[in-house]
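Subject: Structure for your review

Dear colleague,

Please find below the structure that I am handing over to you. My notes on what was found in it follow directly after.

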Amino acid sequence: DQAAKQAKARGDHAAAAEALVQLEKADTGHGPLVLQAAADLADALLATGDAAGAKSAAERALKIHQTHEQAMIALVKALIGVDDLNAAVQAARRAMQAHSRSHVIRELVQRTETLLKRANEVDYYKVLAVSRSADARTIKKAYRRAALEWHPDKAPSEDVREQYDTKFKEINLAYEVLSDPEKKGRYDRGEDVEQPQQQQQH
């Protein structure tokens, strides 16, 4: 445990993870220590970018203590890391039920739900091929370029005209949302851009 703490203190997450693995193996009969080791291991693996390993470690901790807060948070983050957003939303909601006062978990619930909603929608930034930090001028320029490229009149044949038409409508919708500061703000927060702000607050 000391080796893991020392490695973590100096920012060597890989060494901390290795030390915690050894501790977990060596002390299988001591529930609380293994529980904390597994939860710490999940955090260390998340820090090294090993989301799959972190998921496994968090799950081991939760087998010992189903509502261990640190392990529940690590599991949600790991599930996001492995791109299992449905499971991440469920895990975040379970964590919220167990720890309703946790601001960290509340934020994770909102984040996972937004990510899942985004994954099931058209990404307007990708449609216009701009970054999320693009300014209004960049968005307008990207829109003009994309609209010119995908205008239905530019379709090389009737066979692909419908594809061009669909893409053109998508480009126009993306620009309509991203060029309007209010709609863009709602879109970035994962809210429904079609509903007026007042309706969403009820």
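The model is a predicted one.

The backbone at D83 has a phi near 65 degrees, a positive value in a residue other than glycine. Most residues other than glycine have a negative phi. D83 counts as exposed because its relative accessibility is 61%, and the cut-off for exposed is over 50%. A129 also has a positive phi, near 55 degrees, and is likewise not a glycine. A129 is found in the loop between α8 (124-127) and α9 (136-149). With a relative accessible area of 62%, A129 is exposed.

The overall make-up of the chain

The protein chain has 12 helices and zero strands. Of its 202 residues, 39% are buried. Among the contacts with a separation of 6 or more, 46% are between residues 24 or more positions apart.

Two helix pairs

The first topic here is the pair formed by α4 and α5. Their axes come within 8 Å and cross at roughly 150 degrees. The cut-off for roughly antiparallel is over 145 degrees, and α4 and α5 are therefore roughly antiparallel to each other. Their crossing is left-handed. On the α4 side, the residues that meet α5 are A51, A54, K55, A58, E59, A61 and L62. On the α5 side, they are A71, M72, A74, L75, A78, L79 and G81. Sorted by class, this contact has 11 nonpolar, one polar and two charged residues.

The next pair is α6 and helix α7 (residues 103-119), whose axes come within 9 Å and cross at roughly 155 degrees. This angle makes α6 roughly antiparallel to α7. The crossing of α6 and α7 is left-handed. From α6, the contact is made by L85, N86, A88, V89, A92, R93, A95 and M96. From α7, I105, R106, L108, V109, T112, E113, L115, L116 and A119 take part. By class, the contact of α6 with α7 has 12 nonpolar, two polar and three charged residues.

Helix α7 also holds E107. E107 counts as exposed, because its relative accessibility is 54%. The C-alpha atoms of E107 and M96 are 9.8 Å apart in space, and the two residues are 11 residues apart in sequence.

A buried histidine

H68 lies in the loop between α4 (51-64) and α5. Is H68 buried or exposed? H68 is buried, because its relative accessible area is 12% and buried means under 20%. Leaving aside neighbours within four places in sequence, H68 is in contact with L35, Q36, A39, L62 and H99. One of these, L62, is also among the α4 residues that meet α5.

Aromatic pairs

The count of aromatic pairs comes to four. One of them is formed by Y143 and Y175, which are stacked, with 4.1 Å from centre to centre and 10 degrees between the planes. This pair links distant parts of the chain, with Y143 in helix α9 and Y175 in helix α10 (residues 158-178), 32 residues apart. Both Y143 and Y175 are buried.

The rings of W150 and Y164 have their centres 4.8 Å apart and their planes at 45 degrees, so this pair is tilted. W150 lies in the loop between α9 and α10, whereas Y164 is in helix α10, so the pair ties together parts that are 14 residues apart in sequence. W150 is buried, as is Y164.

Yours sincerely

Key
Residues numbered from 1 in each chain as written. Predicted model: local features only at pLDDT ≥ 70, side-chain atom pairs only at ≥ 80, totals over all residues. Heavy atoms only, no water. Buried < 20%, exposed > 50% of the residue type's maximum accessible area, 1.4 Å probe, protein only. Helix = DSSP H or I, 4+ residues; strand = E, 2+ residues; numbered from the N terminus. Axes fitted to C-alpha atoms, helices over the stretch in contact; angles between N-to-C directions. Parallel < 35°, antiparallel > 145°, perpendicular 65-115°, else oblique. Left-handed = near helix turned anticlockwise from the far one by under 90°. Contact = heavy atoms within 4.5 Å. Nonpolar A, V, L, I, M, F, W, Y, C, P; charged D, E, K, R; others polar. Phe/Tyr/Trp six-rings, centres within 6.5 Å; stacked < 30°, edge-to-face > 60°.
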